[in-house]
Amino acid sequence: MAGEIAALGVKFLYAPESTAGVRPTTGYAEKAAAGTLNLADFIVEASGFSADIETADVTPMSTPQYGRHRFIPLLYGNDGNISFNCNVNKMSRESWNAICSEHAALTDGKSFWWEVILPGESDGYFFRGEPIPMQMPDLTTANAVQGTVSIVESDNVGFQTKVDPIISG
Amino acid sequence: MKYTNNAIYTKVYNAVKAVESNVFVTQTYTPKPSTFPTVFIREIGRFTPQPTASFSNAQDISERTWEAQIFSNVSGGAKEQAYRLMDAVKDAMRGLYFLETFESPLDQTDKSIYCLVARFRRIIGSGEDIPS
């Protein structure tokens with residue numbers, strides 16, 4: 001046994017900044033308000049943050065034929081959009097869009113920090129980003145209505161000591 | 001009204017009764033009915049499609065499979081009666097947005113009986129109401 005875990009039970013939380021650009025250390029919620037769904041109640045799949053990294057070729061001109069390229073790491077990360085696949089219905093749409101409205105009401109350059117807690121972990125994965133309102137879902141006959149919601153990433157500090165969710169009723 | 005088994009059954013019951021008022025409709029399986037014609041309709045499978053379970057394991061979407069069997073013994077017209085009743089079943093199930101996935105005659109030991117079987121499937125969300 002090497003401590004493998006399954007994805008069921010992952011929690012998705014968010015918290016508004018008190019100061020723009022500063023990650024909150026408290027106040028992480030699983031949903032927007034009483035009467036809405038927890039994020040984990042309608043998210044069925046989440047894209048991760050890519051570990052792919054841009055590189056620069058720094059192979060010296062003196063490298064002989066059949067020698068090897070040399071690289072240095074530059075930047076890494078996604079294209080800026082973190083996407084979650086969701087079961088789409090009135091309840092999930094209103095739950096997500098309530099979070100988006102909450103973000104839209106922020107002032108002075110403040111945004112949300114998001115926390116993803118894997119089952120049994122003492123750390124959470126933290127990133128900053130703006131949620132985008134739910135758009136037209138994917139539709140195929142004989143399948144459930146599912147679609148994608150996105151968060152535009154503006155900062156990312158990776159795994160840090162987790163902050164447990166506040167109970168929002 | 002939600003997609004309960006009874007609600008689905010009632011829709012089919014009313015549909016086949018409108019075609020053959022003397023039809024016996026039941027959800028209780030019997031390999032050889034004593035009354036003809038008989039429409040046997042029931043749910044035979046239900047599960048949560050894996051891609052629809054949320055991270056909190058909310059399972060609000062289910063895939064349901066229903067089966068209909070029609071038994072007729074009308075002398076010289078059993079096949080026609082069975083298909084007429086099956087058409088009514090299919091219309092009712094189509095109206096409930098079920099997809100027909102299978103239809104076939106079913107061989108009977110008693111050759112005076114014509115039996116037709118069909119299966120239907122549908123993804124149903126817990127928030128859905130059946131069409132009125």
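Two residues are in contact if their C-beta atoms, placed from the backbone, lie within 7 Å. The views below are taken from a predicted model.

**View 1. The buried residues of helix α1(B) and what covers them.** Helix α1 of chain B runs over residues 5–19, and its 15 residues reach 22 Å from the first C-alpha to the last, which is close to the 21 Å expected at 1.5 Å a residue. Its buried residues are Ile8(B), Val12(B), Ala15(B) and Val16(B). Seen down the axis of α1(B), these buried residues fall within an arc of 90°, so they line one face of the helix.

View 2. The 18 residues of α2(B) reach 26 Å from the first C-alpha to the last, close to the 26 Å expected at 1.5 Å a residue. Buried in α2(B) are Ala78(B), Gln81(B), Ala82(B), Leu85(B), Met86(B), Ala88(B), Val89(B), Ala92(B) and Met93(B). Because they cover an arc of only 155° around the axis, they lie on the same side of α2(B). The cover over these buried residues includes α1, β2, β3 and β5 (114–125) of chain B, whereas Glu80(B) and Arg94(B) are exposed on the other side of the helix. Just after α2(B), Tyr97(B) takes a positive phi of about 65°.

**View 3. The packing of α1(B) against α2(B).** Two packed helices are described by the angle between their axes and the distance between the axes. Here α1(B) and α2(B) pack at an angle of about 145°, with their axes 9 Å apart, and their crossing is right-handed. On the side of α1(B), the contact is made by Lys11(B), Val12(B), Ala15(B), Val16(B), Ala18(B) and Val19(B), while α2(B) contributes Arg84(B), Leu85(B), Ala88(B), Val89(B), Asp91(B), Ala92(B) and Met93(B). Sorted by class, the residues of this contact are 10 nonpolar and three charged, with no polar residue among them.

**View 4. The contact between chain A and chain B.** In this view, 15 residues of chain A are in contact with 14 residues of chain B. On the side of chain A that touches chain B, the residues divide into nine nonpolar, five polar and one charged.

Notes. Residues numbered from 1 in each chain as written. Chains lettered and ligands numbered in written order. Predicted model: local features only at pLDDT ≥ 70, side-chain atom pairs only at ≥ 80, totals over all residues. Helix = DSSP H or I, 4+ residues; strand = E, 2+ residues; numbered from the N terminus. Expected span 1.5 Å × (residues − 1). Buried ≥ 20, exposed ≤ 12 C-beta atoms within 10 Å, placed from the backbone. Arc of directions from axis to C-beta. Axes fitted to C-alpha atoms, helices over the stretch in contact; angles between N-to-C directions. Left-handed = near helix turned anticlockwise from the far one by under 90°. Nonpolar A, V, L, I, M, F, W, Y, C, P; charged D, E, K, R; others polar.
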